[in-house]
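Please open the structure in your viewer and keep the selection tool at hand.

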Amino acid sequence: MVSAEPEGATMDARDASDSLDRATDEFLAARPQLFGIAYRVLGSAAEAEDVLQETWVRWQNTDRSAVKEPAAFLTTIAARLAINVAQSARVRRESYVGPWLPEPVDTRHDPQLGAERAEALEMAVLLLLEKLNPVERAAYVLREAFDYPYKQVAEILETSEPNTRQLVSRARKHLSAERKEPVSPADHRRLLEVFLAAAQTGDMRVLENVLAADVVSYADGGGIRGASRIPVVGRLRVSKYLAAFAPRFWPPAETRWVEANGGPAVLVTAGGDPVALLSVDASEDGIRRIMWVMNPEKLAPYVTSLAA
């Protein structure tokens, strides 16, 4: 005896399958941009992935027949979720042990990380954006990196267009006040090379020559790995600090040039294990920010991505 499903049930199942396939394709097409938005707002690849997972769940449970522009709908969900996560993350980061730095990302295959422009992707810029409230951050990211019209940004943020313009303007002013015009990529690489050689040997003369007067060194160990728990500020203090730990830090270490957040960086390993990711922010005055990502929870995903 042969049994068969009713024809209507078979067609319904086929339609549901086709609908889910379309939903999957639409989500995957938007995914690079969704990740780029969430990462810039949060400064964390892990948290951005969580946002994307929740976006996908909500997309599956949405009446998609009523959605005219899937990409815009998905962007709205992801941006609002990222703002919510950033608001709760702000409280957690107040109790973070030592300086907090963004989680680095490998940008070799996507230099702009899903954006129209590579804006708000450098480690130093993400660090400065962290000082803004999450809504200001999202407005700046959507406008400056993804080139969304002010009207659409206002709709995503559920605010007025004039207020959106103010949010973006405040973010721009904050960044311009905190950061001088960066040097060219070639000069950036040269400065990092000179700095690395001087740091390895503890050469105070070269260090003082390459560092800006108001340089700040941030070491993010997350309380897991030994690192300075306060930023080191000023040319002389930073030079002395680097020279003091050079004899014990560098001899067992190996270095590898890599790309992180669209710029050159140095991966430091010891015995094959990652110890730190070093990057700098440089202007015509010299190196203004030195960033040591040493937290193993931030290093591990980045190192894994290098092997992909």
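Begin by selecting Arg-189 and Trp-257: Arg-189 lies over the face of Trp-257, at 3.8 Å from the ring centre. Please bear in mind throughout that this is a predicted model. For another arrangement of this kind, select Arg-64, whose charged end sits over the ring of Trp-59, 5.9 Å from its centre.

Val-268 belongs to strand β4. Is Val-268 buried or exposed? Its relative accessibility is 1%, and buried means under 20%, so Val-268 counts as buried.

Now display what surrounds Val-268. Leaving aside neighbours within four places in sequence, its contacts include Phe-249, Trp-250, Thr-255 and Pro-274. Of these, Thr-255 stands opposite Val-268.

Next, select the whole of strand β4, residues 263-270. Because 7 of its 8 residues are buried, the strand is largely enclosed by the rest of the structure.

- Strand β3, residues 253-260, runs antiparallel to β4 and is joined to it by 8 bridges. The hairpin of β3 and β4 has 2 residues between the strands, and Asn-261 takes a positive phi near 55° there.
- Strand β5, residues 273-283, also runs antiparallel to β4, with 5 bridges joining the two. Here Thr-269 stands opposite Pro-274 in β5. The hairpin of β4 and β5 likewise has 2 residues between the strands, and in this hairpin Gly-271 takes a positive phi near 60°.

Turn now to the aromatic rings. How many aromatic pairs does a search of the whole structure find? The search finds 9. One of them is formed by Phe-27 and Trp-56, a tilted pair with 5.2 Å from centre to centre and 50° between the planes. Phe-27 lies in helix α1 (residues 7-42) and Trp-56 in helix α2 (residues 45-60), so the pair ties together parts that are 29 residues apart in sequence. Both residues of this pair, Phe-27 and Trp-56, are buried.

For an edge-to-face pair, select Tyr-241 and Phe-245, at 5.2 Å centre to centre with 75° between the planes. Both lie in helix α10 (residues 235-249), 4 residues apart, about one turn of the helix. Tyr-241 counts as partly exposed at 24% relative accessibility, whereas Phe-245 counts as buried at 12%.

Note on methods: Residues numbered from 1 in each chain as written. Predicted model: local features only at pLDDT ≥ 70, side-chain atom pairs only at ≥ 80, totals over all residues. Heavy atoms only, no water. Buried < 20%, exposed > 50% of the residue type's maximum accessible area, 1.4 Å probe, protein only. Pairing = 2+ DSSP bridges. Contact = heavy atoms within 4.5 Å. Phe/Tyr/Trp six-rings, centres within 6.5 Å; stacked < 30°, edge-to-face > 60°. Lys NZ or Arg CZ within 6 Å of the ring centre and 35° of its normal.
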